[in-house]
Amino acid sequence: MSVLSNVRRFVFPVIAVAAAGTVGAMLLGAADDERAAKFDNKGALIRPEGYRKWVFIGCPVTPNDMNNGKAAFPEFHHVYIDPKSFAHYEKTGQFPEGTVIVKELANVAAKESPSGAGYFPGDFVLLAVAVKSAKRFPNEPGNWGYFNFGEYPNYAETAEALPTDSCNGCHQAGAQQDYVFTQFYPVLRAAHQGRPAEHPEHHHHGEHGEHHGGEKQ
Ligand code: HEC
């Protein structure tokens, strides 16, 4: 018997076992990373991990000094979407089941820097999260659940879904697409080619009917 066939006899079963293992791992993996959102057995959302490495979609700023000293959500709003949902959005222009959007706030530390006058971020302040799940939130508008993990650096480990009125109501009133303020996220609009870049002041219902058709869902 040649060395080669010995090698073959040894190698092929190993490959077969390894391949079976890989398929198993892929199946498990698929089920596992289907959702960036993980819930505990009481239905509370577990604070997402690694969201600062997700896709950064925008940074609205509501400085305290432009909001009577205390903005409703002070001050920088760093917004991230989980990578899998971003990929889906790129393709379809829709937020899929399981989408997680994180908004982490940071305060204004300075209003001048060597680059000029402006607003420059300091420390993190607060963590808020939205999760789209028809399974978890069948009765919420758009199936979005909203969560507040409290103040930095003592973010809660888990958070309960907040009542519809405390979060969703305002999103419903002003958000451009599916309760998400896509009008403030250039990264999302650019990702899905063909979706018009639109400013809120140009957003009049009816006027651009065809052009903006199907944006509110
Ligand atoms: C007064 C209106 C208002 C209320 C109430 C409100 N939001 Fe928002 N939210 C906004 C606006 C406007 C944006 C986008 C611009 C910005 O960040 O200021 C936003 C953005 C977000 C985002 C980023 C994704 C997106 O939809 O654009 C999350 C996550 C979020 N809010 C969570 C919450 C949570 C959790 C609550 C309830 C505690 C809440 N919001 C209540 C107005 C509101």
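Me: How many helices and strands does the protein chain have, and what pattern do they follow along the sequence?

Reply: In this predicted model, the protein chain has four helices and eight strands. Read along the sequence, they follow the pattern α-β-β-β-β-α-β-β-β-β-α-α.

Me: What is the average pLDDT of the protein chain, and where does it fall below 50?

Reply: As a general idea, where pLDDT is low, the predicted coordinates should not be read in detail. Here the protein chain averages a pLDDT of 84, and 73% of the residues score at least 70. The pLDDT is below 50 over residues 11-15, a stretch with zero contacts in the model beyond near neighbours in sequence. It is also below 50 over residues 21-33, where the model shows one contact beyond near neighbours in sequence.

Me: In what order do the strands of the open sheet stand, and which of them are at the edges?

Reply: The open sheet consists of three strands in the order E1-E2-E8, with antiparallel pairing. E1 (38-39) and E8 are at the edges; each has a single partner strand, so one side of each is left without a neighbour in the sheet. The pairing of E1 with E2 (residues 45-46) is antiparallel and rests on two bridges. Lys 38 has Ile 46 in E2 as its bridge partner.

Me: Which residues have the most contacts inside the largest nonpolar core, and which elements supply it?

Reply: The largest nonpolar core has 31 residues, and those with the most contacts inside it are Tyr 80, Val 100, Ile 101, Val 129 and Phe 147. At least two residues of this core come from each of E4, helix H2 (83-92), E5, E6 and E7. E6 provides the largest share, five residues. For the protein chain as a whole, 24% of its 217 residues count as buried.

Me: With which residues is Val 100 in contact, leaving aside its neighbours within four places in sequence?

Reply: With those neighbours left aside, Val 100 is in contact with Ala 36, Ala 37, Pro 48, Asp 82, Ser 85, Val 129 and Val 131. On the scale of the protein chain, residues 24 or more positions apart account for 50% of the contacts with a separation of 6 or more.

Me: How many residues surround the ligand, and which are the closest?

Reply: The ligand is surrounded by 24 residues, the closest being Pro 60, Tyr 146, Cys 167, Cys 170 and Phe 181. Two or more residues of this shell come from each of strand E4 (76-81), strand E5 (100-113), strand E6 (116-132), strand E7 (144-151) and helix H3 (164-174). H3 gives the largest share, five residues.

Me: How does the shell around the ligand divide by class?

Reply: By class, the shell has 17 nonpolar, six polar and one charged residues.

Me: Where are the cis peptide bonds and the positive phi values that deserve attention?

Reply: Most residues other than glycine have a negative phi, and most peptide bonds are trans. In this model, a cis peptide bond joins Pro 74 and Glu 75, with omega about -10 degrees. Glu 75 lies in the loop between strand E3 (55-58) and E4. The peptide bond from Tyr 152 to Pro 153 is also cis, with omega near 0 degrees, and Pro 153 is placed in the loop between E7 and strand E8 (158-159).

For phi, Asn 68 has a positive value near 55 degrees and lies in the loop between E3 and E4. Asp 178 has a positive phi of about 50 degrees, and its place is the loop between H3 and helix H4 (186-191).

Me: Are Asn 68 and Asp 178 exposed or partly exposed, and why?

Reply: Asn 68 is exposed, because 7 other C-beta atoms lie within 10 Å, and a residue with 12 or fewer counts as exposed.

Terms used:
Residues are numbered from 1 along each chain as its sequence is written. This is a predicted model: local features need pLDDT of at least 70, side-chain atom pairs count only at pLDDT 80 or more; totals for chains, interfaces and linings use all residues. A residue is near a molecule or strand if its C-beta atom, placed from the backbone, lies within 6 Å of it. Ala, Val, Leu, Ile, Met, Phe, Trp, Tyr, Cys and Pro count as nonpolar, Asp, Glu, Lys and Arg as charged, and the others, Gly among them, as polar. A residue is buried if 20 or more other C-beta atoms lie within 10 Å of its own, exposed if 12 or fewer, and partly exposed in between; C-beta atoms are placed from the backbone. A nonpolar core is a set of buried Ala, Val, Leu, Ile, Met, Phe, Trp, Tyr and Cys residues joined through C-beta atoms within 7 Å. Two residues are in contact if their C-beta atoms, placed from the backbone, lie within 7 Å. pLDDT is the predictor's confidence in each residue, from 0 to 100. Two strands pair if DSSP finds at least two bridges between them.
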